[in-house]
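Me: I would like a close look at a single part of this model. Please keep it brisk.

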Amino acid sequence: MIGIIDRYIIKKYLGTFAFTLTIFTVIIVIFDVSEKLDDFLRHQAPMKEIIFSYYVGFIPFYLNFLSPLINFIAVIFFTAKMADQTEIVPILSSGVSFKRFLWPYLISSTVIFLVTLIFNLFIIPETNRLKIDFENVYVNPKSDNSKMYTHMQIDKNTLVYIENFDNNLKTGYKFTLEKFSGMDLKEKLVSDRISWDSVKTKWKIENYSIRKIDGLKESMTAGLQMDTTLDMRPKDFEIYDNIYQAMNMGELNDRIKKEEIRGTGVMADLKLEKYQRFVYPLSAFVLTLMGVSLSSRKVRGGVGLPLGIGIFLSFTYILFIRFSSMFALKGGLPPLIAVLIPNIVFGILGIYLLMKAPK
């Protein structure tokens, strides 16, 4: 059951977390406006788009990224304040075990975990789409939006190659399609240009030739234009940064299934993005455990020392996540292992600090 002390701690925890969240929102928006103002003015970004597209996407993204830091600071700040005001000692002296004392922290961190998980899976991908679309037009537009030398396997028997794909025109140049039966080449299509017809939702192939092979027999046909259906879309050739962060879970899973066949070299990016959405919210439990263990002891000097240690450890945690992600993208570390390592390491550290905490 939830008692008076439990409700008091939960109220303190969630209230401090919400207050810290608000402070960080104001700070990051002020810093971002000062940094991006020149870009907004240079590219003539409308005020409506800045507010309702960019910052509607920007604020959830960075608050989610900084949520471990915000959560850790909130836990340490109000717990250290309780310890400094000698509120924890009477609770433990009354016969309440330290494990029972952690119960309201567990409830509060579960609330934060569930909210963060829901945001990661359903809300942040949509707000990221707004942010990324805005940045691609008004902050960092690409003068050359072409993807070069793309090899792709669109099913187990079909390979395609496009020398140059222009995302603005939705058109590819020097297109080749090869169909195999086992290891034997059965058909090869070569075309000067392939373009996407959004009305027909088909690809238009221009100035093409088709070579068909049947054992020792070969035949050649050619034409000026034909429509065809292929399991690829112009978005498969998008080259914008952080594009996977703007995919919802359905799109992400579909892209992973296709990448298993195509092998274009982005599987680590896709799986890392997917696993992070599920694992990153677990930081609410890990850092809460560490925060309580660090700040429940009354120390000389008030909340300053625990708060300083907490900020250092939370930044270390975020950097650890960044480093493990880079090892997954560049060093061949399995993405699932990469996203689990920070929580495992800091979880062990949290258990050690819990054992050393005053009981």
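Reply: First, the ground rules. This is a predicted model, where local features need pLDDT of at least 70, side-chain atom pairs count only at pLDDT 80 or more, and totals for chains, interfaces and linings use all residues. Residues are numbered from 1 along each chain as its sequence is written, and side-chain values use heavy atoms, with hydrogens and water left out.

Now the helix. Helix 8 covers residues 267–279, 13 residues in total. Helices here are DSSP runs (H or I, at least four residues), numbered from the N terminus. From first C-alpha to last, helix 8 reaches 18 Å. That is close to the 18 Å expected at 1.5 Å a residue; the expected span is 1.5 Å times one less than the number of residues.

Next, its buried residues. They are M267, L270, L272, E273, Q276, R277 and V279. Buried means under 20% relative accessible area, with a 1.4 Å probe and protein chains only. An α-helix has 3.6 residues a turn, so residues three or four places apart point the same way.

Two residues elsewhere deserve a look. Q44 is found in the loop between helix 1 (4–42) and helix 2. Q44 is not a glycine, yet its phi is positive, about 55 degrees. N207 lies in strand 5 (residues 202–214), and strands are DSSP runs of E, at least two residues. N207 also has a positive phi, near 50 degrees, and is a residue other than glycine.

Technical notes
Buried means under 20% relative accessible area, exposed over 50%, partly exposed in between (1.4 Å probe, protein chains only).
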